[in-house]
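Dear colleague,

Please find below the structure that I am handing over to you. My notes on it follow directly after.

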Amino acid sequence: MSRPLIISDCDEVLLYMVAPFRDWLAETQGVEFRMVGNDFSKALRWQNSGDYLAPEDIWKMLGGFFDTQMHRQTPIPGAIEGINALADHADVVVLTNLNDARQQMRREQLADHGFHARVFTNQGPKGPALQAILEEYNPSHAIFIDDLAQHHRSARETLGGTGANITTLHLCGEPMLAPLIDCAHKSGHADARIDTWEHALPWLMGKLEKEDA
């Protein structure tokens, strides 16, 4: 009999990303990062001019961060302990929106923090990648954890009727972002919205225990 499967995002779910990215931009790139609304493209300004960065410059900064600064990322409180506790009851994989060339870097980064898991990389909406993972593992039940509402929407739209066998949790562990981003639970694309592992872990364990019953 197949085991349950947990598919978790990494940035802002397991590890902080925006805060170390902001610090690196200010310290070395001459860029101020400040989220006002939920539009990431309007969060980066050149310190000297105050002008917004062009989209290609934003992608360049993100690429530079992930290529050279992943060591700055630290775990969300309770995330590593929580995901390892879940791994005692289910298979756990990571689905992260990084280029394929950074897959090994992400796996090693997580291992350095004490979490050893298979890592799937993806670009764009996560629904199709999630569907491929489910087809490979054919789990008894699946749980998807992500910090961005658009990926929960993609999951629901892609899986359609087969989505009845998947539980979705919207979790954003970055306090700088959590109040600003769209909520997948409010839109009906996630089963719950919980932004701390202290409260998320009992909820997730409850879903696994219900599956075992």
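The centres of domain 1 and domain 2, taken over C-alpha atoms, lie 24 Å apart. The contact between them draws on 16 residues from domain 1 and 15 residues from domain 2, where contact means heavy atoms within 4.5 Å. Domain 1 comprises 5-16 + 74-210, and domain 2 comprises 17-72; these bounds come from an automatic or database domain assignment.

Please note that this is a predicted model, in which local features need pLDDT of at least 70 and side-chain atom pairs count only at pLDDT 80 or more, while totals for chains, interfaces and linings use all residues. Residues are numbered from 1 along each chain as its sequence is written, and side-chain values use heavy atoms, with hydrogens and water left out.

As to the interface, the two domains bury about 1300 Å² between them, 62% of it on carbon and sulfur atoms. Buried area here is the accessible area (1.4 Å probe) that two parts lose on being put together, summed over both. On the side of domain 1, the residues that lose the most area to domain 2 are Arg102, Met176 and Leu180, which together account for 39% of what that side buries.

Arg102 also forms a salt bridge with Asp67, side chain to side chain, at 2.8 Å from N to O. The term denotes a side-chain nitrogen of Lys or Arg within 4 Å of a carboxyl oxygen of Asp or Glu. Between domain 1 and domain 2 the count is 1 salt bridge.

For the chain as a whole, there are 7 helices and 8 strands, defined as DSSP runs (helices H or I, at least four residues; strands E, at least two) numbered from the N terminus. The C-alpha trace spans about 60 × 35 × 30 Å along its principal axes.

Lastly, His189 is located in the loop between strand 7 (166-170) and strand 8 (192-193). Leaving aside residues up to four places away in sequence, His189 touches His152, Arg153, Arg156, Thr168 and Ala184. Its C-alpha atom is 17 Å from that of Lys207, 18 residues apart along the chain.

With kind regards
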